[in-house]
2 protein chains.
Amino acid sequence: MKIAIIGTGLIGGSIALKLREKDFASHIIGIDKSEKHLEDALLLKIIDEKSDFENGIKNADLVIISIPVDASRKILPSVLDLIDRKQTVMDVGSTKSGIVNSIKNHPKRDRFVAFHPMWGTENSGPESAKTDSFSGKAAVICDQENSAEDALKTVEKITEILEMHPIYMNAADHDIHTAYISHISHITSYALANTVLEKEREEDTIFQLASSGFSSTVRLAKSHPEMWVPIFKQNKENVLDVLNEHISQLRKFKSALEKENYQYLEELIRNANKIRGILE
Amino acid sequence: MKIAIIGTGLIGGSIALKLREKDFASHIIGIDKSEKHLEDALLLKIIDEKSDFENGIKNADLVIISIPVDASRKILPSVLDLIDRKQTVMDVGSTKSGIVNSIKNHPKRDRFVAFHPMWGTENSGPESAKTDSFSGKAAVICDQENSAEDALKTVEKITEILEMHPIYMNAADHDIHTAYISHISHITSYALANTVLEKEREEDTIFQLASSGFSSTVRLAKSHPEMWVPIFKQNKENVLDVLNEHISQLRKFKSALEKENYQYLEELIRNANKIRGILE
């Protein structure tokens, strides 16, 4: 299968590497507005050739859109305009309502499959791509009833090759659940980094004292705004809802400490400890 | 050297394993109010014998107190009462002002060295102890001018054996910096876990969708209240100070989203990204 990857960074690159390793991809075409990303992706053997937008899409059986969610939403209609009914298009974005709504009346809507692999790191660019990135993680497929059977089968086959387990969900539910489980973690981590940078003016002390616990909690704060501002923007209502809850949960800790109510503090912590039973 | 470990859990156990491996400890005596911990520690060869409080302390050259910070503070005066001027006592607690103040007028104050290895995990008990836990991390030694030279040398030797780099600081500064860098991470993580548990009633969905990013940010929320309530209690003022800042940082994200001020949101994220340059 000939595959065009729009966006040859961490996610697009990692998918490309795995699809080639498993001989699912016979030829990979890279499309990227960054010439440096394309050159790096060629060097790293993530792609076989670079191409412009139109030719790259026309020459592929499958088009994978792997760019920030606002850009995905913007270009998806033009991608669908360019393809015929034998071609399939998928995305990998972290928000889904916006993108499916942008093409709901497009005559080739059913050639598109909305896909979200629940994996990422704080790094970006082709040099961060790794072949076994997705193994064991969930892949959400949204609104599958709006995709043609053969297009869906192609994406399910890719899910299998990536060693992910598929979860089916409508786009609106997806955006609620990811706000709760993924998007809020990023805001927490960004705000923690800003807190420490504000309070701890001695950068040397941060570096010297940083324990593995701090590093783990603040890891996502390294994630780039190019990817995350569009996610928060597209999922604004759900993110605000969970952010309000998060602030109110922090206020409970504040109140317990201020009132020296250590029994309440213990209850709050015991409740949080339940996450262990759920994650393991 | 004969060593008594009061508290044979994660930290005490990990130190014991390393001191034996490097032949610094010739004999290790375990003291613990939990009979099960003592039995486990014997089985795991963390300790050579179990003992009661008084005999254990009297028979050791070095006593390592490795229990929650409120309990450490409570028993330290009795430990100093029991030792002679050839013996050394150290703790491993995450707060320091309380414990050094509790013995500031003790005639054997100088036999005590206040020590804080900047490492821990969300796990506890002897079965979590590992020999190479501390390698490469910082160890803070507080108020070293109040410790006898030979006692300080013993603890510096242990720092070296644990492959940690020593940092010298007064107890008050230590408690400020750890509030900023370590204690707030735990509150963030607990509050995030409580947020997700409150909003996401479908535990199955949490389990299925949890990405590595979420797991990393919420990892510390598994830490037990037995250890953390006393830390927050002893470091209340500093923790409240940084918690207020953290809530105000989260409000900035809220405000940026509510006002759809995405340029401000980007600035907040770019500022948080600076943590990468500091940690790496």
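Some housekeeping. Residues are numbered from 1 along each chain as its sequence is written, and chains are lettered from A and ligands numbered from 1 in the order in which they are written. Because the model is predicted, local features need pLDDT of at least 70, side-chain atom pairs count only at pLDDT 80 or more, and totals for chains, interfaces and linings use all residues.

I start with chain A. Its secondary structure comes to 12 helices and eight strands; helices are DSSP runs of H or I with at least four residues, strands are runs of E with at least two, and both are numbered from the N terminus. The radius of gyration of chain A is 21 Å, close to the 19 Å from the globule rule for 280 residues, so chain A is as compact as a globular protein of that length. That radius is taken over C-alpha atoms, and the rule is 2.2 Å times the number of residues to the power 0.38. Along the principal axes, the C-alpha atoms of chain A fill a box of roughly 65 × 40 × 30 Å.

Of the 280 residues in chain A, 54% are buried. Buried here means 20 or more other C-beta atoms within 10 Å of the residue's own, exposed means 12 or fewer, and partly exposed is in between, with C-beta atoms placed from the backbone. Among contacts in chain A with a separation of 6 or more, 75% join residues 24 or more positions apart. A contact is two C-beta atoms, placed from the backbone, within 7 Å.

Next, the domains. Chain A is assigned domain 1 (2-169) and domain 2 (174-279), with bounds from an automatic or database domain assignment. The centres of the two domains, over C-alpha atoms, are separated by 30 Å. Across the boundary, 14 residues of domain 1 are in contact with 16 residues of domain 2. On the domain 1 side, α4 (69-82), α5 (97-102) and β7 (138-142) each give two or more residues. By class, that side has five nonpolar, six polar and three charged residues. For the classes, Ala, Val, Leu, Ile, Met, Phe, Trp, Tyr, Cys and Pro are nonpolar, Asp, Glu, Lys and Arg are charged, and the others, Gly among them, are polar.

Now the sheet of chain A. It is an open sheet of eight strands with mixed pairing, in the order β3-β2-β1-β4-β5-β6-β7-β8. Two strands pair if DSSP finds at least two bridges between them. At the edges stand β3 (49-50) and β8 (165-169), each with a single partner strand, so one side of each is left without a neighbour in the sheet. Strands β4 (residues 62-65) and β5 (residues 88-91) of chain A pair in the parallel sense over four bridges, and L62(A) stands opposite T88(A).

In chain B, β1 (residues 2-6) and β2 run parallel, joined by five bridges, with I6(B) opposite I31(B). Four of the five residues of β2(B), residues 27-31, are buried, so this strand is largely enclosed by the rest of the structure. Strand β6 (residues 112-117) of chain B has six of its six residues buried. F112(B), A114(B) and H116(B) point one way from β6(B), and V113(B), F115(B) and P117(B) the other way.

Which residues have the most contacts inside the largest nonpolar core? They are V63(A), I64(A), V63(B) and I64(B), in a core of 177 residues. Such a core is a set of buried Ala, Val, Leu, Ile, Met, Phe, Trp, Tyr and Cys residues joined through C-beta atoms within 7 Å. Helix α7 (residues 171-199) of chain A gives the most to this core, 11 residues.

Between the chains, the contact takes 79 residues from chain A and 79 residues from chain B. On the chain A side, the largest share, 19 residues, comes from α7(A). That side divides into 42 nonpolar, 20 polar and 17 charged residues.

I99(A), in helix α5, is buried, with 22 other C-beta atoms within 10 Å. K157(A), in helix α6 (residues 149-161), has 13 C-beta neighbours inside 10 Å and counts as partly exposed. K157(A) and F24(A) are 133 residues apart in sequence, yet their C-alpha atoms are 9.3 Å apart.
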